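Thank you all for coming.

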Amino acid sequence: MSKLLSPNSKNIEFCKTELENSQVLAVPTETVFGLAANALDPDAVRKIFEIKDRPLIDPLILHTTSIEEAKLYCHLNLLSKKLASCFWPGPLTLVLPKKSIVPDIVTAGLKSVAIRCPYHPTLRKLLKILPFPLAAPSANPFGYISPTKAEHVKESLGPKIKYILDGDPCKIGIESTIVDIRDSNNPKILRPGPITQSMLENAGHTSFKNIHGNPKSNPDNGFLGPGLLDNHYSPKASLKLIRKSNIISSLETNFDHKTAYLFHAKPTIFPELIKQRKGQVFWLSENGSIEIIAKNLYNQLRIIDKMRFDKILVENFETNEGFKSALIDRLKKAAD
Ligand code: TXA
Ligand code: MG
């Protein structure tokens, strides 16, 4: 069973040694926990795919400390420099032409590489003492909900990995935004995330096409873009995304003991009804703050999933703006 390592200097040094010896370990990031290995060591990277049960056709993100370091692994253009200087370190992943030093197994044979520079303080301490970048997907079994706490990693990958570097919780709670900016005249959002379309457009002084969910506009021949593989973030229970008013009427008239009801904010209406259905009614925040909803989403879905409901009815968002589009994207992929 895996052991949790508190983020002190001794343990960070120990993680370095493990990684130098081609071992895989879980590390915290500001988005979700990652399952990390030396990105320049193909044998170590192969272990990531095995542990996650992830198909080798699904490429990994390279994690580095700075734009200067990123230059060693990809060809930067003007747009990438603008975006990196605004959003790195942070939850933005850039897809750029790769340099040959990056092993094919990391990029699933693609000529591009996805690269990001995380800001999580513990991970940064580790990255700064490593003489190589880390390849790291989210630390969940392929197709299940991403982990936002060390205990999530332990629950689902515990027997398969030796160490989990713990640290501050994942502040953001959903995965980074991914943009394909190989062609600066035609930049694309492959996966919406915490860095929103308008943030990208303001920083890059250009418009971005949002192509997520549209496999026909794939960036590379034959490759289904990020998260386009079926049921990417799914709980075991069947998940339905519906309007708040429909959740309430389902609670009132169509109530079923095998269903969980998940609201964005603590429901203030029908207090008696909510009390009666206690144990089946959940919420993601006290007052509907989008940042708190995002931070709690995966944890709450895991809690509900452990209670073995057949169905989860999740409140949908009324608009698709900004950060909400990332949450809708993840929930739609979790829905059946
Ligand atoms: O926030 C995050 O991005 C987290 C943390 C751990 O950094 N990582 C993460 O990795 O979400 P993963 O592997 O779960 O998702 C990365 C996505 C995959 O869907 C993969 O297909 C896509 O990035 N990807 C990787 N390389 C790519 C490339 N060269 N072109 C297009 N998509 C790529
Ligand atoms: Mg993932």
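This is a predicted model: local features need pLDDT of at least 70, side-chain atom pairs count only at pLDDT 80 or more; totals for chains, interfaces and linings use all residues.

Let me begin with alanine 108, which at 27% relative accessibility counts as partly exposed, where buried means under 20% relative accessible area, exposed means over 50%, and partly exposed is what lies in between, taken with a 1.4 Å probe and protein chains only. Residues are numbered from 1 along each chain as its sequence is written, chains are lettered from A and ligands numbered from 1 in the order in which they are written, and side-chain values use heavy atoms, with hydrogens and water left out.

Alanine 108 is found in the loop between helix H5 (104–107) and strand S6 (112–116), where helices (H or I, at least four residues) and strands (E, at least two) are DSSP runs numbered from the N terminus. Its phi is near 55 degrees, a positive value in a residue other than glycine. Serine 22, in the loop between helix H1 (9–20) and strand S2 (25–27), also has a positive phi, near 65 degrees. Then there is the peptide bond from tryptophan 88 to proline 89, which is cis, with omega near -10 degrees, and proline 89 lies in the loop between H4 and strand S5 (92–97). As background, most residues other than glycine have a negative phi, and most peptide bonds are trans.

Let me turn to helix packing. Helix H4 (residues 78–87) and helix H8 (residues 197–204) pack at an angle of about 120 degrees, with their axes 9 Å apart; axes are lines fitted to C-alpha atoms, for helices over the stretch in contact, and angles run from 0 to 180 degrees between N-to-C directions. That angle makes H4 oblique to H8, since angles under 35 degrees count as roughly parallel, over 145 as roughly antiparallel, 65 to 115 as roughly perpendicular and the rest as oblique. The contact, meaning heavy atoms within 4.5 Å, is made by Leu79, Lys82, Leu83, Cys86 and Phe87 of H4 with Met199, Leu200, Ala203 and Gly204 of H8.

What angle do the axes of helix H7 and helix H11 make where they cross? The axes of H7 (residues 150–157) and H11 (residues 290–306) cross at roughly 40 degrees and come within 11 Å, which makes H7 oblique to H11. Here His152, Glu155 and Ser156 in H7 meet Asn299, Arg302 and Lys306 in H11.

Now for the cysteines. The structure holds zero disulfides, a disulfide being a pair of cysteine sulfur atoms within 2.5 Å. Cysteine 15 is in no disulfide, and the nearest cysteine sulfur, that of cysteine 170, is 15 Å away; cysteine 15 is also buried, at 0% relative accessibility. The sulfur of cysteine 117 is 11 Å from the closest cysteine sulfur, in cysteine 74, which is too far for a bond, and cysteine 117 is buried with a relative accessible area of 2%.

I will finish with aspartate 183, placed in the loop between strand S9 (177–180) and strand S10 (188–191) and partly exposed, with a relative accessible area of 40%. Aspartate 183 and leucine 96 are 87 residues apart in sequence and 8.7 Å apart in space, C-alpha to C-alpha.
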